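I opened my notebook to look up how this chain is put together. My entries follow the structure.

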Amino acid sequence: MKNPKITPRGKWIYVQQDAEEARVSDSGLYTPDNIEQEKKAFGQVLAVGDKIKDIKVGQRVVYGLYAGETLKFKDDNSKDVDFKLLHDDDVIAFIEDEKV
């Protein structure tokens with residue numbers, strides 16, 4: 001997939017949101033991962049604004065599910081891919097272990 005060229009300003013960051021993987025509950029209902037993760041979202045930082053010093057491109061971050069501005073683009077297979085423009089204060093934590 002070709003990521004759109006977006007350059008955030010100031011204290012904003014551009015994140016590719018992890019795809020939601022559906023899970024099947026005991027009763028057979030499909031639920032997205034974010035329901036079981038207490039409305040937190042995960043993603044990889046693609047770009048940072050010029051006033052950001054402690055967040056780097058390539059880092060994986062945790063942020064509130066409803067934080068920031070959501071952008072949707074199509075990948076090469078015409079599937080929707082979610083991106084976020086987040087303020088640096090929206091980042092709750094950094095992910096060090098990829099098993100999360």
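**Entry 1: an aromatic trio**

Buried means under 20% relative accessible area, exposed over 50% and partly exposed in between, with a 1.4 Å probe and protein chains only. I noted that this is a predicted model, where local features need pLDDT of at least 70, side-chain atom pairs count only at pLDDT 80 or more, and totals for chains, interfaces and linings use all residues. Residues are numbered from 1 along each chain as its sequence is written, and side-chain values use heavy atoms, with hydrogens and water left out.

I then looked up the aromatic pairs and found two. Rings of Phe, Tyr and Trp (its six-membered ring) pair if their centres lie within 6.5 Å; planes under 30 degrees apart count as stacked, over 60 as edge-to-face and the rest as tilted. Tyr14 and Phe83 are stacked, at 5.4 Å centre to centre and 15 degrees between the planes. This pair links distant parts of the chain, with Tyr14 in strand 1 and Phe83 in strand 7, 69 residues apart. Strands (E, at least two residues) are DSSP runs, numbered from the N terminus.

Phe73 and Phe83 are edge-to-face, with 5.5 Å between centres and 65 degrees between planes. Phe73 sits in strand 6 (residues 69–74), 10 residues from Phe83. Phe83 has 0% relative accessibility, so it counts as buried. Tyr14, Phe73 and Phe83 form one aromatic cluster.

I traced an open sheet of six strands in the order 6-7-1-4-5-8, with antiparallel pairing. Two strands pair if DSSP finds at least two bridges between them. Strand 6 and strand 8 (91–95) are the edges, each pairing on one side only.

Which strands pair with strand 1? Strand 7 (residues 80–87) does, antiparallel over five bridges. Strand 4 (residues 40–48) does too, also antiparallel and with five bridges. In strand 4, Gln17 stands opposite Gly43, and Tyr14 stands opposite Ala47.

**Entry 2: the core**

I looked up the largest nonpolar core and counted 12 residues, among them Ile13, Val15, Ala41 and Leu86. Such a core is a set of buried Ala, Val, Leu, Ile, Met, Phe, Trp, Tyr and Cys residues joined through side-chain atoms within 4.5 Å. Strand 1, strand 4 and strand 5 (60–64) each give two or more residues to this core.

How values were computed. Helix = DSSP H or I, 4+ residues; strand = E, 2+ residues; numbered from the N terminus.
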